[in-house]
Every structure is written in structure tokens, then in C-alpha cells.
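Work through the exercises below with the sequence and the 3D view open. Try each task before reading its solution.

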Amino acid sequence: MHNHTPKPASAHKSPPLKGNARVPGDKSISHRSFMFGGLASSETRVTGLLEGEDVLATGRAMQAMGAQIRKEGDTWIINGTGNGCLLEPEEPFDFGNAGTGARLTMGLVGTYDMKTTFTGDASLTKRPMGRVLDPLRQMGVQVEAAEGDRCPITLRGPRTANPISYRVPMASAQVKSAVLLAGLNTPGITTVIEPIMTRDHTEKMLSGFGAKIEIEEDADGTRHIHIHGQGELRGRTIEVPGDPSSAGFPLVAALIVPGSDIIIENALMNPTRTGLITTLQEMGGQIDIINMRDAGGEDVADLHVRASDLKGIVVPPDRAPSMIDEYPVLAVAAAFAEGETYMDGLDELRVKESDRLAAVARGLKANGVECHEGEMSLTVKGVPGGKGLGAVSAQAVVETHLDHRIAMAFLVMGMASEKAVHIDDATMIATSFPEFMDLMRGLGADIQVSE
Ligand SMILES: O=C(O)C1=C[C@@H](OP(=O)(O)O)[C@@H](O)[C@H](O)C1
Ligand SMILES: C=C(OP(=O)(O)O)C(=O)O
């Protein structure tokens, strides 16, 4: 079902990148717009939604459970079922490449007295789902899973679920969100204890939809998030801000391609998402945050980015949650910085669409960059100016392992390397950033895709 013909691609040394670019909608907020809109009891209208494959799979899952979703002009209009009223789907859900879609939906449907089955592509079926299944089991959900709690997974919800108090054992917004969503259809109060803060879109958006949520914070920063189950969710209007994770690609490209000067418009500036900007500024990147404004309860801004002489730094491990998807492209920035960049606290990178720590290290080496892959760290020795960087041999092709971020990060690398950088497959880019090629070429990037 998920077989596709890989599309190899190459990026070449590019002229200075110039112009303005507007990145597509935030993936996390787009998934949640379909989910919460699909569950609310009145109409939700969404503009700026990311129309990537991951998000569209979430929309199809909500439709299969009774939500009505249509598009008029630029607006997605969702008529939800009402909280507690999802219907049993007739077919298994196919979440493709999407960890967020699969894990959050497991939480959303797990506490319903019905049967649901989850599957996905060769990447998703390798990813650990026990992190979501464990709390669901405690709430009374019966689980059938492939070995190691992997997909395909079938859930059978209890008549009435038990509310739990659950301490999230790893820094994961997906796990936090799955438990909170399971709490929506559970009587009483479900509590998530979050020792390390991760992106807070679920809490913020559910409150906006009228769910009763209380958050307390201990002196050490541990958050206790309480959700009252079985309340009503009301539809609302959502303007999805631009995705800061997608913005990371033109951002790093403009810093490393000499002479570049670009503006990235409408990027979400929620502090749980801005770690990459902070880190690149510490490395000496000229990034001015301009036109900071409010868009539907979230800060957004434009980023004025100019090519910069970067220097290697130590990236603090506690910053990881605020830039977790940005490490591949940060490692590429580090490959052009003077000296070494040390990144630590990267254990979660091993369970993304690919083992990103290994994929990045192998890709850098294939393109002449010295680096060291630790168990949960990465050290990159930069080559300012990119002299000698690029494919070390005719066979040096970056293996992307069905991972969109590995594909995009290494295409960015090729734009500033002396020699071309080749990747084995650009197809997965459509999962999160279908406009990537057009947007980067519009700024002047030299990318070729074999058709
Ligand atoms: O909640 C979300 O929308 C996401 C959470 C993160 O995953 P983890 O919760 O596994 O860290 C992130 O990597 C993913 O792209 C989106
Ligand atoms: C980790 C990611 O996504 P997901 O977990 O939703 O597949 C990502 O987009 O980088």
C-alpha cells in the first residue's frame, strides 16, 4: 500500500538566496484542528491549515468517525460529532508516516467503547507505541499490538474508562496529548504530570474549544495538567500560524549560503517551539525577529535572516524539547560553523521517522563532514565556507529512511557545499512541507529532482 518509487534529488551550490517566503501551516496545530474540530459540537473554520499528507490522514480518520470536513476557498470547514459521539470506523486507520496523527488518535478513540485498528508505512510500523498504549491500558483499554507494541494495533475501549494520573516518562508532547485526549471521554478528572515542558498546543487549543483544563506548576517547573472529562467542545475559528519546524530549512539555508538575505513570514513564535532560533543566534546567526503579533492566541513573527559566519557551540540538552524536530537541520548549520558544535540529550531522535541521530551522522560523513555519534549526542566539526564538502564519492548518497526532515536537511546542505549533495528519496517531503521545492527554488536554491 505504501510502496512508492523513490525520487532521488540533488542540491547544488546556490546563488545568494533572496526574497520573501511564507512557510505552510504548523503541522502540530493542523492535526489538532482536524481532531478537535471533528469532535466539537458546532462548526470549526480553519485557515492556513497544512495540507501535508500527515495532516490529511488525520482528517480522513475523523471523517471515518463521523466528522464532516469540506474545503471552501481557503477555508476548511469542520462539523464535528460532539464530544463522546465518535462512531466506530468501518476500516482500519492508515496513518501513513505520521507519528502525531497515530498517537493522538489512539488517545482520542481509546476510551470509546468501540474497536479501532491503526496502521501505517514502513517507518510508522517500526516506531514505539507502548508509550501511548501503557497509559491507555491503565484507563481500561484492551490492546492487541504487533511485537514491541508496534502497529498494526487494535484498541477496544471499555464501557467506562478510569481516569488516571499519569507522569509522562519521556519528554513527549504526543504522549501528554494522547492521555489528555483519552481524558475527554472519561468521567472525572484525568491528570498528566509533565516534568519537562513540551509543546503546549493540546492544552491551549482544548481550552479554546471550551474544555475545562487546569494547569499547576511546581517550583521545579513540573506541570500538572488536569482535564475534566465528558464536557462539551464548541467549534471555533482557527488561523494556523506558519510552522517553525518548516521555517528551519530556509532559515538555515539563508545563514549558510553566502550573500543571502531573506524574510520568512508568519512563523509561530510559541516559546515551546523556538529553540532553533535561539541556538542559531547563539552561533552568530543574524536573525531579526520582526513584526511580532498575535494570531488567534499565538505569537507569530517574520524572520529577517542574513548569511552569517557561524561558530560552534554547546547546545544545552534541556533545550531539546523546544527544537526536537530541528536537530537534522541544526547539524547541517553546524557543518558550516567554525569549530565544534556539541548537541546532547538527543535520545528521542532515535525513535522519529528514522533513527535521526544515526541518519544525520551517516549523511554528514557521506558529504565530508567529521562528526561523532554518541549514544544520545552528536558532535559536528564545521568547515566554514563549505570548502570540500559535498558527496565524497559517486556512491555517496544520503539515505533518508522515509524521513522528510533528513531529506530536507541534506538538500539544504547541498546549497552551500562545494560539491553537490545527493539524497535517495525526496517523496516523503510531502508529509510535512509539500511546498518545499517551490519555496526554496523561489528563493534561488538549485535543487534537482529526478522524475
Ligand atoms: O505533539 C506534536 O504535534 C509533536 C510532538 C513531537 O513528537 P514527540 O512527542 O514524540 O516528541 C514532534 O516530534 C512531532 O513532530 C510533533
Ligand atoms: C517527528 C515528526 O513527526 P511525527 O512524529 O508526527 O511522525 C516530525 O515531523 O519531525
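This is a predicted model: local features need pLDDT of at least 70, side-chain atom pairs count only at pLDDT 80 or more; totals for chains, interfaces and linings use all residues.

Residues are numbered from 1 along each chain as its sequence is written, while chains are lettered from A and ligands numbered from 1 in the order in which they are written.

**Exercise 1. The two domains**

Find the domain bounds, then describe how domain 1 and domain 2 touch.

Solution. 
- Step 1: The assignment gives domain 1 as 9-25 + 241-449 and domain 2 as 27-239. Such bounds come from an automatic or database domain assignment.
- Step 2: Taken over C-alpha atoms, the domain centres lie 29 Å apart.
- Step 3: Count the contacts (two residues are in contact if their C-beta atoms, placed from the backbone, lie within 7 Å). Domain 1 contributes 24 residues and domain 2 contributes 29.
- Step 4: Sort the domain 1 side by class. Eleven residues are nonpolar, eight polar and five charged. Here Ala, Val, Leu, Ile, Met, Phe, Trp, Tyr, Cys and Pro count as nonpolar, Asp, Glu, Lys and Arg as charged, and the others, Gly among them, as polar.

**Exercise 2. Gly 25**

Locate Gly 25 and list its contacts.

Solution. 
- Step 1: Gly 25 sits in the loop between β2 (18-22) and α1. Helices (H or I, at least four residues) and strands (E, at least two) are DSSP runs, numbered from the N terminus.
- Step 2: Gly 25 is buried, because 26 other C-beta atoms lie within 10 Å. The cut-offs are 20 or more other C-beta atoms within 10 Å for buried, 12 or fewer for exposed, and in between for partly exposed.
- Step 3: Set aside neighbours within four places in sequence. Gly 25 then contacts Ser 30, Gly 48, Leu 49, Leu 50, Val 240, Gly 242 and Asp 243.
- Step 4: Take Gly 242 from that list. Gly 25 and Gly 242 are 217 residues apart in sequence, yet 4.3 Å apart in space, C-alpha to C-alpha.

**Exercise 3. A helix pair**

At what angle do α1 and α2 pack?

Solution. 
- Step 1: Helix α1 covers residues 27-39 and helix α2 covers 53-64. Their angle is about 5 degrees, and their axes are 9 Å apart. Axes are lines fitted to C-alpha atoms, for helices over the stretch in contact, and angles run from 0 to 180 degrees between N-to-C directions.
- Step 2: So α1 is roughly parallel to α2. That label applies to angles under 35 degrees.
- Step 3: From α1, the contact residues include His 31, Phe 34 and Met 35; from α2, they include Val 55, Thr 58 and Met 62.
- Step 4: By class, this contact has four nonpolar, five polar and two charged residues.

**Exercise 4. Helix α10**

Is helix α10 enclosed by the rest of the structure, or exposed?

Solution. 
- Step 1: Among the buried residues are Leu 357, Val 360 and Leu 364.
- Step 2: These buried residues of α10 pack against α9, β20 (370-373), β21 (377-381), β22 (397-398) and α11 (404-416).
- Step 3: Gly 368 follows α10 and has a positive phi, near 85 degrees.

**Exercise 5. Asp 325**

Find Asp 325 and describe its surroundings.

Solution. 
- Step 1: An unreviewed UniProt entry annotates Asp 325 as "active site". Such annotations may be inferred rather than shown by experiment.
- Step 2: Asp 325 lies in the loop between β18 (314-315) and α9 (327-334).
- Step 3: Asp 325 counts as buried, because it has 22 C-beta neighbours inside 10 Å.
- Step 4: Beyond neighbours within four places in sequence, Asp 325 contacts Ser 245 and Arg 405.

Technical notes: Angles under 35 degrees count as roughly parallel, over 145 as roughly antiparallel, 65 to 115 as roughly perpendicular and the rest as oblique.
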